[in-house]
Amino acid sequence: MGLDITVIIADWSWLGEVPPRDRLSRLRDAWYADETGLWDHDAPVVEGDWAWPRGTGSAPFAVYEFRGTLGSYKPHFWAGERWESVRDHADPLVRARLDTLLLGLIWGGLDGEAEHVDQGFFCDDPAATYGLLLARSPAGVRELAATSEEMRLRLDGLRGPFDEHAAVPEGWVRDFDEFTQLLDDWGRVLSEAARQGWGLVGLSE
């Protein structure tokens, strides 16, 4: 089995009511709670949409279902790999914005060492933060959402370079349409989190 990812937006003020060491477990406990209805066997799962917890006392968070990923982290990883193949051939404005966006979410960068977790909100103890792949504060989310929107307006010019330098016949993120679909889903996540004034978490279970 490969690495998985569940992308959740959550109210940072609600998580901040408990000490940093307990914040991730508070989010997990709320997500796993039976009363949310998220775990009902007959609950519909719609790709490209949100799953919101049910009930009047539900915690303030939501889970996004990416299209065509089956919950795997592999498409996100390979999107970064495809970007490495095409970025030198991209328009400089697109390159700058996509570098910022992908470095903030899923790409390790050319040196493979980019961090995707904002420091200071969750604790630094690996035992308390196991499975944490991504954590962006509300301020960080707003910046990435703005970058995503700026990039979206110029992205179509990347189609030709992507087809020439990054497309592959099989595997994950094979062509420009699959690449942009993943970016569009990330844009939806960021815009909704920014609208709510919430933060963003990516978990591997």
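## Buried and exposed residues

A residue counts as buried when its relative accessible area is under 20%, as exposed when that area is over 50%, and as partly exposed in between. In this predicted model, Val 173 has a relative accessibility of 4% and is therefore buried. Val 173 belongs to the loop that runs between helix H6 (159-165) and helix H7, and its phi is positive, at about 50°, although the residue is not a glycine.

As background to both residues, most residues other than glycine have a negative phi.

## Helix H7

Helix H7 covers residues 176-196, which makes 21 residues, and from its first C-alpha to its last it reaches 30 Å, close to the 30 Å expected at 1.5 Å a residue. At the N-terminal end, the helix is capped by Asp 175, which has a side-chain oxygen 3.2 Å from the backbone nitrogen of Asp 177. Just after H7 comes Gly 197, with a positive phi of about 75°.

The buried residues of H7 include Phe 176, Phe 179, Leu 182, Leu 183 and Trp 186. Also among them are Asp 185 and Glu 192, together with Gly 187, Val 189, Leu 190 and Ala 193.

## Two helices packed against H7

Two packed helices are described by the angle between their axes and the distance between the axes. Helix H5 (residues 138-152) packs with H7 at an angle of about 135°, and the two axes are 9 Å apart; because of that angle, H5 is oblique to H7. The crossing of H5 and H7 is left-handed. On the H5 side the contact is made by Val 141, Arg 142, Leu 144, Ala 145, Ser 148 and Met 151, while H7 contributes Leu 183, Gly 187, Leu 190, Ser 191, Ala 193 and Ala 194.

Helix H3 (residues 74-86) also crosses H7, at roughly 120°, with the axes coming within 10 Å, so that H3 is oblique to H7. The crossing of H3 and H7 is left-handed. Here Pro 75, His 76, Ala 79 and Trp 83 of H3 meet Phe 179, Leu 182 and Trp 186 of H7.

## Leu 102 in helix H4

Leu 102 is part of helix H4 (residues 92-105), and because its relative accessibility is 1%, it counts as buried. When neighbours within four places in sequence are left aside, the residues in contact with Leu 102 are Trp 83, Trp 107, His 116 and Leu 183. Of these, Trp 83 is one of the H3 residues that meet H7, and Leu 183 is one of the H7 residues in the contact with H5. Ala 90 lies 12 residues from Leu 102 in sequence, and the C-alpha atoms of the two are 14 Å apart in space.

## Trp 39 in a loop

Trp 39 is located in the loop between helix H2 (20-32) and strand E2 (49-51), and at 40% relative accessibility it counts as partly exposed. Apart from neighbours within four places in sequence, Trp 39 is in contact with Trp 31, Tyr 32 and Ala 33. A polar atom of the Trp 39 side chain lies 2.7 Å from the backbone oxygen of Trp 31. Trp 39 and Leu 183 are 144 residues apart along the chain, and their C-alpha atoms are separated by 27 Å.

Key: Residues numbered from 1 in each chain as written. Predicted model: local features only at pLDDT ≥ 70, side-chain atom pairs only at ≥ 80, totals over all residues. Heavy atoms only, no water. Helix = DSSP H or I, 4+ residues; strand = E, 2+ residues; numbered from the N terminus. Expected span 1.5 Å × (residues − 1). Buried < 20%, exposed > 50% of the residue type's maximum accessible area, 1.4 Å probe, protein only. Polar contact = N/O pair within 3.5 Å; in protein donor to acceptor, adjacent residues only side chain to side chain. Axes fitted to C-alpha atoms, helices over the stretch in contact; angles between N-to-C directions. Parallel < 35°, antiparallel > 145°, perpendicular 65-115°, else oblique. Left-handed = near helix turned anticlockwise from the far one by under 90°. Contact = heavy atoms within 4.5 Å.
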